[in-house]
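Morning, everyone. Please look at the next slide, and I will walk you through it.

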Amino acid sequence: MAIFTLIATAISTAFFAGSAIATSLIAGGLALATSYAVRALTGQPQQQSGADAFGVQGKLAGGGDVPRSFGLGYHVTAGSLVYANTHGAAAYDTPNAFLTQVIALSDLPGERLVGLWVNGARVTIAVGDADYTNPGVGDLGYAVPEYIRPHNGEGSPTPHLWIKFYNGTQTAADAFVVAHCNSAERPYTSRHVGKGICYAVIHAFNDENLWSGFPTFKFELSGVPLYDPSRDSTVGGSGAHRYGDRSTWGGDGDNYPAVQIYNLLRGFSYGGAWLYGLQNMAAARLPVANWIAQIDKCRATVIGASGPEPSYRTGGQINVNAQLGHAIEALLTGCQGRISEIGGFYKIHLGAPDSPTFTFSDGDILSTETQVYRPFFSLADSVNGIQATYPDPDQGWNTATAPPYYREDLEALDGDRRLMADPSFDFVPFAEQVQRLQKSAIEEAQRARTHTLSLPPAFWIVEPGDVGEWTSARNGYVAKQFRVDAMVDRRNLDVTLSLTEVDPSDYDWDSEADFTPVTGGGTISNPPAPQAIDNFDAQPYTLVDSDGISRRPAILISWGVQPGISAVQFEVRLASDGSIATRGRSDRPTAGNLIITQSILPATDYQVRGQFVPSSPRDMLWSDWLDVTTPDVRFSLADFDPALTAMVTTIRDALQDQIDEALNRMASIASDIAARAPLDKTDMRSQLAARSADALAKIEEVRTVAVTTEAAYASFSTTASATWGSTTAFVQNSATAIATLDGYAAASWGVSVGADGVITGSIRIDGGDSWSAVTIRADKFQIQLPGINGDAPLLPFTIGTVNGLPAIGINGANMYLDRSIFASAIVAKSITAGEIAANTVTSDSGLIGALAVKSLSLADQAVTVPIAQSLGGNVSAISPGTPQSYFSFNLTVDTTGLAGKNIVIYASVSGMWANGSVATETGQFYLLINGSVANGYAIATPSGTLALVSLGGAINISASGGVMSIPVQAQFYANSATYMQAGTTIYAQAAKR
């Protein structure tokens, strides 16, 4: 309500005979009015709560008891929920991917949506149009730019929030809601038009990194269009407004409190039905000259901090179950306004006092009548400071506290007391206007002089709200202005007036000197800025076993530990083509690192990226792709079956024993030759050296031959060394040959390289009568074929231990040329039944190339010889939607004598497949044995590329005795036309279980 809101009255005294009674009555009325004004100034107007609370509705209302409402001027509302449902839609076909809400905003048409807040933060909308029913971006509505982002932090940015606004003139229900949200449990049909109602449709797409619960909204609206008499040229204004034609309503007057109160007094209706305000109020009862003058005072500009602005603007939501008087008081609060009722006519006075309309002096006062004079307020009625509250749009329309306005000079007059007022400007969402109201309120509150006096009939035309000038020698007044707050008409046509001093300077405003810039408390930044993963790194890593043998290639990722993180997710892709090799996550983000082993190949270039998974929904950013080349770690002997490992180590140990025996014997013979006097012995030594200061380079050579009665011995040794200070490097080459009387002969040759006296690499070849050995000491064993593989060496072996024993690991990928053992490597008829031990050849032993078999019997535990066929050329024109055999043959098995026995039929298919002209072809391969599906394989390949097909399986048949023919087929089922690439091969074999 207004700080100085007085309902000024003119009281008839037809029933009062004495002037003393009239004077007492009006003086009492003045006292009551003054007390009421003081209560308003100190923030204690008539209590407003529930239906009588005005201004901002910040929370979404719901239920069946929500009163109708509409807005006046620039204001905000959360609206009332009309409908809500979840659903999937269009490309976003995940069930319950959308939350759709229909929110009513005004029960009168014509309001405009001018702003939108989502979860406490202002977002961007396309303002200017009356509604957004055709925003040009699809049936969902206008996509909010702040919510166009990658879904769950991945992929290209896509909309996640849409809005439509209907301004009450719509004639059909929202088609999208009817088509996609309607359900039996929550119906929404074409009958849900909302005629005459301004409402919004909000679609929110679910994103676990974006929403925490249901999103909240605040809608900034323009208010309903109002009739402005100052814009009606037919009643004394200037403009095209006509009260009888609502299409002419609306404009800047919609924000002025005088226009808003005028419309409340005329009443609001829709479709001929009254909704709120007075009913049947005639225009003549609102003197248009008075109202236009006060509207012009609202429109008059004041130079503010941001430039010229209207003097008085108000805005807020009106609930139709609120008392009209309280609604008017709330609006008058925002303009220092007063309403006077004089014989059924209503006038308004706001802001600074109007120009004087009458004058009088001491000689005009009836000295025979009682006079009352109050020169100052009591201490209880005094106010010398003020700090108001108001809704601040810059702070999310939350209630803000204005900078306080203090007057130390007034505090001194009140005994150094600070007497504060704390009014609430619920209808004033403008920071500088609030401070202007605070200043003018304190200034006018000091106008304590009031008089009650009687004047002759010449002053009968004076009305409450008028301003007069009084020149009084007795009181020291020179044209001092007084406002008429109340009056009494007496029988003899005299009048008794209640006067209060006023001063137009109370409303002076200097923005530079008087305005205190407001520092807002800020609003929620929602959604928060995306968070990047901290210190993400990726490095090659090797997994070793308990014996220290390198067993598997891996990638080690690491990150910085951050609060509010529930997991870390990662992706690994091939650097060559960008295809994803593996992805996963760690649910222990505090560990700070993770070893990735799944689907990781050796000596391969990868790229790795990581992303935090938040503990509460918010956007997260992926790291950049980091390049990693995995270590060249292949399978070793430790990866084979323990029985095979034991066999290899047994053979190796036996050979090592022989080598050790030969070496010991050679050493013994050499020792004997050295200890005995040989029959003949010759040594030859030579040395070549160069020295300068700490540098020394030399070559030494020793040659020895000797014979005894039992042995002949020959050896040579050459050593090349280089030394600089304490650093040395050397190469040593040596050879030994021995022959003995008892027929034993052996030889050894070796070369060693080293540094600082430590042998870092060596090769040794030893031989005897029945054995030979080659010993290589090295970190790597590599073979290079010039012109092949970019002259890069290959690593066929790795060295380590198995079960604590030395072992050689074989790189199986490079064991055989093209991974095949060709028939040319097998001598014809060299493998016979006598050379195959029982139970050593099984169905798992491999596949043997083409073999013509006319009759092949299966004894218990025996195996048939596999039969194989291959296909050359293309298989084209695959009929879409129909399974088609692209390869088949019959496996013939002689089961004579095996009637009733179970036979296992094995088959496998391998080859290359290329799709046709379709951009991405998806098909299904099948392997059929004896008419039954043994295996199936689905594959999708971009146009013009090849894909490896590998199928295998087995079925059981019951032998019938005699020769059986088992059909084996490969089929392909295509979604559209495609063709097969040449090179397809199929293998099959049979074995008795």
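First, the ground rules. This is a predicted model, so local features need pLDDT of at least 70 and side-chain atom pairs count only at pLDDT 80 or more, while totals for chains, interfaces and linings use all residues. Residues are numbered from 1 along each chain as its sequence is written, and side-chain values use heavy atoms, with hydrogens and water left out.

Now the overview. The chain has 9 helices and 59 strands. Those are DSSP runs, numbered from the N terminus: helices are H or I with at least four residues, strands are E with at least two. Of the 993 residues, 42% count as buried. Buried means under 20% relative accessible area, exposed means over 50%, and partly exposed lies in between, with a 1.4 Å probe and protein chains only. The accessible surface comes to about 48,800 Å². Carbon and sulfur atoms hold 54% of that surface. Areas come from the Shrake-Rupley method with a 1.4 Å probe; for residues, only the protein chains shown count as cover.

Next, contacts, meaning heavy atoms within 4.5 Å. Take those with a separation of 6 or more: 68% join residues 24 or more positions apart.

On to helices. H7 covers residues 431-445. Is H7 enclosed or open? Of its 15 residues, 14 are buried, so H7 is largely enclosed by the rest of the structure.

Two packed helices are described by the angle between their axes and the distance between the axes. Here, look at H3, residues 257-266, and H4, residues 288-299. Their axes come within 8 Å and cross at roughly 145°. Axes are lines fitted to C-alpha atoms, for helices over the stretch in contact, and angles run from 0 to 180 degrees between N-to-C directions. H3 brings residues including Pro257, Tyr262 and Leu265. H4 brings Trp291, Gln294, Ile295 and Cys298.

Now salt bridges. The rule is a side-chain nitrogen of Lys or Arg within 4 Å of a carboxyl oxygen of Asp or Glu. The count is 28.

Asp174 pairs with Lys164 at 3.0 Å, N to O. Asp174 sits in the loop between strand S11 and helix H2, and Lys164 in S11, so the pair ties together parts 10 residues apart in sequence. Both residues are buried.

Arg583 bridges to Glu571, with the closest N and O atoms 3.4 Å apart. Arg583 is in strand S36 and Glu571 in strand S35, 12 residues apart. Glu571 is buried, at 6%.

Asp587 and Arg585 meet at 2.9 Å, N to O. Asp587 is exposed at 54%, and Arg585 is partly exposed at 46%.

There is also a network of salt bridges: Asp228, Arg231, Asp252, Asp296 and Arg299.

Last stop, Ser752, in strand S45, residues 745-755. Ser752 is buried at 14% relative accessibility.

How values were computed:
The expected span of a helix is 1.5 Å times one less than its number of residues.
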